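Dear colleague,

I am passing on the structure below for you to look over. My notes on what was found in it follow directly after.

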Amino acid sequence: MHQSTNERRPPLHALVPAHRKTRWWLAAVVGFVAMALAATAMSQAEETNPNNLNCLGHVGAGTPETGSDEQQVQYSFYCNGPITGYQLQAQIPVTGMQSPPTVTDAKGTVLTDTFSCSGEVPGYALNCVGAAKGGYETITGQFAIGTKLCAEPRVDPLLTVTYAYLEKGVVTQAISGPFDLGRPTGCRPNAFSGGTRLTPKTAITTKKKQHKKRHKKAKTAARTHS
């Protein structure tokens with residue numbers, strides 16, 4: 001007995017839904033990868049934008065200079081991109097400056113990159129031009145002030161950085177800042193500690209001091225009326 005040639009079989013289009021599901025999954029993966037790459041590119045573009053550099057640093061006691069009894073202040077900072085100049089703006093007079101500062105890489109190796117600094121003395125600004133050719137290079141220098149390091153008002157310089165580059169054959173200069181280098185490290189805390197020049201902290205008078213002031217005023221008033 002011959003088997004019937006009219007045997008019913010599953011239709012061939014039964015595989016189509018699975019094929020469509022695979023294509024949808026691949027499209028979703030490709031789309032996700034494209035979005036991730038775009039986000040990374042945008043992040044890198046923002047980080048390398050010379051107008052959006054971020055810089056971090058601090059100030060502290062500097063190295064005494066021969067023939068000078070002035071207080072030396074050491075500053076140190078780095079940025080997440082190259083710079084070709086910077087300015088430190090102090091709120092107390094700068095009476096001297098060291099030039100050139102040193103430039104080191106992340107491992108502490110001294111680089112050939114350097115800066116030349118100048119400014120009016122006494123004055124309130126230190127202007128430096130040169131080159132830190134890579135990001136995260138640390139620039140360390142010092143300047144002098146006419147008061148003790150920990151005396152109030154303590155020096156708290158603001159930092160502004162610049163970067164000059166060629167864009168379509170035209171010299172373009174970017175600028176980032178100001179960044180607050182903060183109050184000097186190594187000083188004993190006082191009523192102003194915890195604040196900076198950009199975000200100052202109001203000195204808090206303790207209840208004990210307030211009581212002494214009121215008691216002193218009362219004694220003065222009693223003497224006046226006696």
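Tyr136 is partly exposed, with a relative accessible area of 43% (buried is under 20%, exposed over 50% and partly exposed in between, with a 1.4 Å probe and protein chains only). Tyr136 sits in the loop between β6 and β7, where its phi is near 65°, a positive value in a residue other than glycine.

Please bear in mind that this is a predicted model, in which local features need pLDDT of at least 70 and side-chain atom pairs count only at pLDDT 80 or more, while totals for chains, interfaces and linings use all residues. Residues are numbered from 1 along each chain as its sequence is written, and side-chain values use heavy atoms, with hydrogens and water left out.

Lys168, which is not a glycine either, has a positive phi of about 55°; Lys168 belongs to the loop between β8 and β9 (170-180) and counts as exposed at 83% relative accessibility.

There are also cis peptide bonds to check: one joins Val121 and Pro122, with omega about -5°, and Pro122 is in the loop between β5 (115-118) and β6 (123-132). Another runs from Glu152 to Pro153 with omega near 0°, Pro153 being in the loop between β7 (138-145) and β8 (158-167).

As for the whole protein, its secondary structure comes to 2 helices and 9 strands (DSSP runs numbered from the N terminus, helices being H or I of at least four residues and strands E of at least two), and buried residues make up 28% of its 226 residues.

Best regards
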